[in-house]
Amino acid sequence: MVLAPAKINLFLHVGAPDAEGYHPLASLVAFADVGDRVTVEPAGRLSLSVTGPFGDGLAGSDNLILRALRALGEATGTGEPPLKVTLDKRLPVAAGLGGGSSDAGAALKLARAVLKLDIDDVGLEAAAGRIGADGPMCLRARSAWAEGRGDVLTEAPDLPPLPAVLFNPGAPSSTGAVYRAYDDGPINGADRPAPPADWSVAAVIDWLAAQRNDLEAPALALTPVIGQALDAVAGAPGVDLARMSGSGATVFGLCRTVEASEAAARALGAAWPQAWVRATRLGGGSPPNDHAL
């Protein structure tokens with residue numbers, strides 16, 4: 001069993017769509033120490049079972065795990081991998097956390113190990129890319145600058161562990177709908193800012209405060225409770241910066257200490273008992289499982 005960690009866009013700058021409808025972007029991506037759990041074991045055929053608090057309705061044939069494993073079978077010429085996959089779904093769905101892509105990445109790494117497949121990291125990333133532009137980044141599960149369509153990755157090893165609180169108000173946010181709403185408003189551009197001169201926690205928070213998530217405004221217009229979530233996280237004790245991740249609806253709050261993030265999580269959990277709230281640390285170091293690339 002390995003962790004499929006939540007992905008957080010610390011900032012997200014988005015440009016106008018190209019001729020194929022894809023948006024160029026620039027982002028600094030970090031991964032949390034919370035996420036789903038994926039287990040893979042040999043079996044007579046490929047199957048997926050889903051458990052956990054957010055598992056309802058995710059075991060269909062179009063699940064990203066199954067799509068990624070079928071792409072792996074095609075890449076290796078071995079056919080559909082004979083594996084039983086169990087997903088313990090602990091992250092909210094349609095939450096801006098890259099959960100499906102992270103689940104698929106964890107399954108790919110486990111499948112290669114369990115079946116002893118002859119495929120290198122480049123081939124594994126190509127299989128991950130078949131499920132979407134953020135497939136390779138979630139396969140790596142390392143802090144990275146993401147550009148292009150999200151598939152041009154440069155590792156960001158200087159990013160320190162950032163104490164944070166994650167807050168999802170319980171409302172899904174459709175990525176497609178948010179991007180369409182963004183196209184109807186002002187387009188800011190996929191600029192990559194110069195990195196901070198100092199990679200301390202305090203300096204990184206101050207630097208991120210000068211960046212933006214271009215999808216935040218259209219997401220709030222479509223799902224107003226995200227605005228309430230942002231206000232709640234911004235007002236929690238010890239939170240220095242609140243921002244939406246990805247296309248929402250999850251909001252993260254950055255703190256200067258682990259103790260502050262834990263206090264913020266307690267306060268938010270008490271005030272919003274129906275919400276999903278977790279204290280965590282973002283980025284800083286190796287991926288949180290033994291099968292990472």
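Helix α2 gives the most to the lining of the largest pocket, with 4 residues. The model is predicted, and local features need pLDDT of at least 70, side-chain atom pairs count only at pLDDT 80 or more, and totals for chains, interfaces and linings use all residues. Residues are numbered from 1 along each chain as its sequence is written, and side-chain values use heavy atoms, with hydrogens and water left out. Helices (H or I, at least four residues) and strands (E, at least two) are DSSP runs, numbered from the N terminus.

The volume of the largest pocket is about 1,100 Å³. A pocket is defined on a 1 Å grid over the protein atoms alone as an open set of points where a 1.4 Å probe fits, with protein on both sides within 12 Å along at least five of seven lines; lining residues have an atom within 4 Å of a point. Grid points are joined across faces, edges and corners, and the volume is the space filled by probe spheres set on the points. Of the 45 lining residues, K7, S101, D134, T175 and S247 are the closest to the pocket centre. Two or more lining residues come from each of β1 (2-14), β2 (25-42), α1, α2 and α5 (175-183). By residue class, the lining comprises 19 nonpolar, 19 polar and 7 charged residues.

At the start of α3, the backbone nitrogen of V122 has a side-chain oxygen of D120 within 3.3 Å.

The structure holds 0 disulfides (pairs of cysteine sulfur atoms within 2.5 Å). C138 is buried, at 1% relative accessible area, and C255 is buried, at 0%.

Most residues other than glycine have a negative phi, and most peptide bonds are trans. A94, which is not a glycine, has a positive phi of about 50 degrees; A94 is found in the loop between β4 (83-88) and α2. K116 likewise has a positive phi of about 50 degrees without being a glycine, and is found in the loop between α2 and α3. With exposed meaning over 50% relative accessible area and partly exposed lying between buried and exposed, A94 is partly exposed at 37%, whereas K116 is exposed at 72%. A cis peptide bond, with omega of about 10 degrees, joins G248 and A249. A249 lies in the loop between β8 (239-244) and β9 (251-255).

Terms used. A polar contact is a pair of N or O atoms within 3.5 Å; within protein, one must be able to donate a hydrogen and the other to accept it, and residues adjacent in sequence count only if both atoms are side-chain atoms. Buried means under 20% relative accessible area, exposed over 50%, partly exposed in between (1.4 Å probe, protein chains only). Ala, Val, Leu, Ile, Met, Phe, Trp, Tyr, Cys and Pro count as nonpolar, Asp, Glu, Lys and Arg as charged, and the others, Gly among them, as polar.
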